[in-house]
Amino acid sequence: EMKKGMFSMMNYYLPLKGIASMHCSANTDMNGENTAIFFGLSGTGKTTLSTDPKRLLIGDDEHGWDDNGVFNFEGGCYAKVINLDKESEPDIYNAIKRNALLENVTLDAEGKIDFADKSVTENTRVSYPINHIENIVRPISSAPAAKNVIFLSADAFGVLPPVSILTPEQTQYYFLSGFTAKLAGTERGITEPTPTFSACFGQAFLELHPTKYGEELVKKMEANGAKAYLVNTGWNGTGKRITIKDTRGIIDAILNGDILNAPTKKIPYFNFEVPTELPGVDTGILDPRDTYADASEWEEKAKDLAQRFIKNFAKYEGNEHGKALVSAGPQL
């Protein structure tokens, strides 16, 4: 509550001073020059993907972006630990030591943590000081302006491509939409996806109108020539979640510029531009239609999800700016 209370205050004061206030994680390259920010709701991969052994972590949840660049509001991280394993997330795993605080986890008789146990809740967590991560920006958690802005969405409908290259208008549309989807009530055997639209990927903490945060972000992006991408860390037609390995391959391709040279195609209804091949990523997943035994199943789900986006966005159509963005969203 204290953490989010402070964040809500920052979300009120900073945009009024022309500073973007963002519910995102951030990292930069080893030279502290090529900064990336990752927006996303809980469980979409903000902490996991920004904590990258090849890069320096700025922070994992709350940041500002002013004329000097991107800076962290916090002195620590708050990571999910359900099914945590050393292979996939070595930095977070190794951050669990003295002065880290685990929540909702269980121990066996020998005092060993069972990260797979969700008997208390699936929302098992660890908070640790940022210096528990070896690769961080020191002495102050800040870096130059972001060159890449990544929106993370865990799509349980199995519709969104694992990565889409966004136009400036799509950037605003999908930032205001703030979409993710959870698989609800799996313990009761119901696996219907529940969509969540949370403006600016952080509606609960916004103190001003969402368009104000969109304006500040776009202003900063335009001034620094930043590009935006929508990355789906959720599911596809196989019924399985996209692997961390493939998602990391996608993030690497964004950060090292490979994606800019990749061949692309357009995905219907959403008009997303998607790469058809990327180094180190399974080519068979890049067009979500290819992950279905029958592509018409994707069509049905895509129309349903597109309709939900359109319905959600109606609340922004009260002014000219919002109306102008409708064409950047899904079209049926």
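In this predicted model, the buried residues of helix H6 (residues 244–255) pack against several elements: strand S2 (35–39), helix H2 (46–50), strand S12 (146–153), strand S13 (163–166) and strand S16 (227–232). The buried positions of H6 are Asp-246, Thr-247, Arg-248, Gly-249, Ile-250, Ile-251, Ala-253, Ile-254 and Leu-255. Because nine of the 12 residues of H6 are buried, the helix is largely enclosed by the rest of the structure. The length of H6 agrees with expectation, since its 12 residues, at 1.5 Å a residue, should span 16 Å and its end C-alpha atoms are 16 Å apart. After H6 comes Gly-257, which has a positive phi, near 90 degrees.

A further packing arrangement involves helix H4 (residues 168–177) and helix H7 (residues 295–313), whose axes lie 10 Å apart and form an angle of about 80 degrees. Angles of 65 to 115 degrees count as roughly perpendicular, and H4 and H7 are therefore roughly perpendicular to each other. The contact brings Tyr-173, Tyr-174, Leu-176 and Ser-177 of H4 together with Phe-309, Ile-310, Asn-312 and Phe-313 of H7. Of the residues in this contact, six are nonpolar, two are polar and none is charged.

At the level of the whole chain, the protein is divided into domain 1 (1–75 + 141–327) and domain 2 (76–132). A distance of 25 Å separates the C-alpha centres of domain 1 and domain 2. Contact between the domains involves 17 residues of domain 1 and 14 residues of domain 2.

How values were computed
Residues numbered from 1 in each chain as written. Predicted model: local features only at pLDDT ≥ 70, side-chain atom pairs only at ≥ 80, totals over all residues. Heavy atoms only, no water. Axes fitted to C-alpha atoms, helices over the stretch in contact; angles between N-to-C directions. Helix = DSSP H or I, 4+ residues; strand = E, 2+ residues; numbered from the N terminus. Parallel < 35°, antiparallel > 145°, perpendicular 65-115°, else oblique. Contact = heavy atoms within 4.5 Å. Nonpolar A, V, L, I, M, F, W, Y, C, P; charged D, E, K, R; others polar. Expected span 1.5 Å × (residues − 1). Buried < 20%, exposed > 50% of the residue type's maximum accessible area, 1.4 Å probe, protein only. Domains from an automatic or database assignment.
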